[in-house]
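Student: Please take a close look at one part of this model for me. I would like the packing there in detail.

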Amino acid sequence: MSQNSFPDLELTDRLAIARAGTAHFGRLLASLTDAQLDEPSLLEGWTRKHLVAHVGYNAAAISRLVEWAATGDEVPMYPSLETRNEEITSGATLPAHALRNLFDHTAARLDEKWRNLPADRWDFPVKTIQGRTVPVAETAWMRTREVWIHAVDLASGATFAEFPDPVVTSLIDDITNAWRRNGTGSDLRLNPPTGTIDVDPDFTGTRVEISGPAPAVLRWMAGRAQSDSAAVPPRWL
Ligand code: ZN
């Protein structure tokens with residue numbers, strides 16, 4: 001584990017970073033005109049409207065997990081992967097004002113669920129859409145990843161350099177672990193200033209080295225730097 005990583009923080013600080021990310025995304029969204037929402041995001045095949053719909057529905061899905069922890073009655077994040085995808089496709093056809101409302105409303109609802117969850121319920125196990133069982137406190141990280149990365153994907157000036165340090169550190173950890181689980185990226189050596197990471201320490205061939213400030217290394221790892229890098233990172237989600 002790296003120093004100053006997200007899971008090392010107190011719950012209140014983790015929630016504060018998630019909320020700050022939502023506010024950051026919200027400010028960027030507010031700075032875009034309705035017409036600009038029909039323009040492409042950084043995500044292949046998605047307009048900004050797709051992205052706003054996804055981030056809004058993501059808050060609703062995470063709220064369901066918090067609700068599950070509060071009541072003990074199992075509710076899935078999404079009924080199915082198809083439902084999740086259909087929701088985004090149809091959401092992207094909503095008028096701009098409806099999408100702005102969706103973003104605000106779902107974010108406020110998630111915040112309310114978090115505020116009302118009793119202190120002794122934060123270890124309650126819930127299931128992510130990938131089928132992983134995690135304590136509901138993990139929803140702070142799930143939301144943090146979404147809002148900070150997708151703020152960049154809005155393609156309106158946000159950068160990885162604006163991420164809080166623990167978010168950068170923990171995303172680098174997350175992506176490295178995903179590659180290790182998938183058996184991909186074995187030849188990669190990451191060189192952020194915080195310390196070298198070999199994705200596969202036993203790899204004996206020629207390593208591809210990715211160096212730079214930690215946010216730049218992360219940006220490459222997250223697949224958001226294709227335009228200025230020859231190497232292509234493995235998928236991580
Ligand atoms: Zn997402």
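Predicted model: local features only at pLDDT ≥ 70, side-chain atom pairs only at ≥ 80, totals over all residues.

Tutor: What does its ring pair with? Trp68 forms an aromatic pair with Phe124. The geometry is edge-to-face. The centres lie 6.5 Å apart, and the planes make 70 degrees. This pair links distant parts of the chain. Trp68 belongs to helix α2 (residues 48–71). Phe124 sits in the loop between α4 and β1 (125–127). The two residues are 56 apart in the chain.

Now take helix α4 itself, residues 96–116. Its axis comes within 11 Å of the axis of helix α1, residues 11–31. The two axes cross at roughly 170 degrees. An angle over 145 degrees counts as roughly antiparallel, so α1 is roughly antiparallel to α4. Which residues meet? From α1 come Leu15, Ala18, Arg19, Thr22, Phe25, Gly26, Leu29 and Ala30. From α4 come Arg100, Phe103, Ala107, Asp111, Trp114 and Arg115. The residues of this contact divide into 8 nonpolar, 2 polar and 4 charged.

Back to rings. The model holds 6 aromatic pairs. Ring pairs also join Trp148, Phe160 and Phe163 into a cluster. One ring has a charge over it: Arg64 lies over the face of Tyr78. The distance from the ring centre is 5.8 Å.

Definitions and conventions. Residues numbered from 1 in each chain as written. Heavy atoms only, no water. Axes fitted to C-alpha atoms, helices over the stretch in contact; angles between N-to-C directions. Helix = DSSP H or I, 4+ residues; strand = E, 2+ residues; numbered from the N terminus. Parallel < 35°, antiparallel > 145°, perpendicular 65-115°, else oblique. Contact = heavy atoms within 4.5 Å. Nonpolar A, V, L, I, M, F, W, Y, C, P; charged D, E, K, R; others polar. Phe/Tyr/Trp six-rings, centres within 6.5 Å; stacked < 30°, edge-to-face > 60°. Lys NZ or Arg CZ within 6 Å of the ring centre and 35° of its normal.
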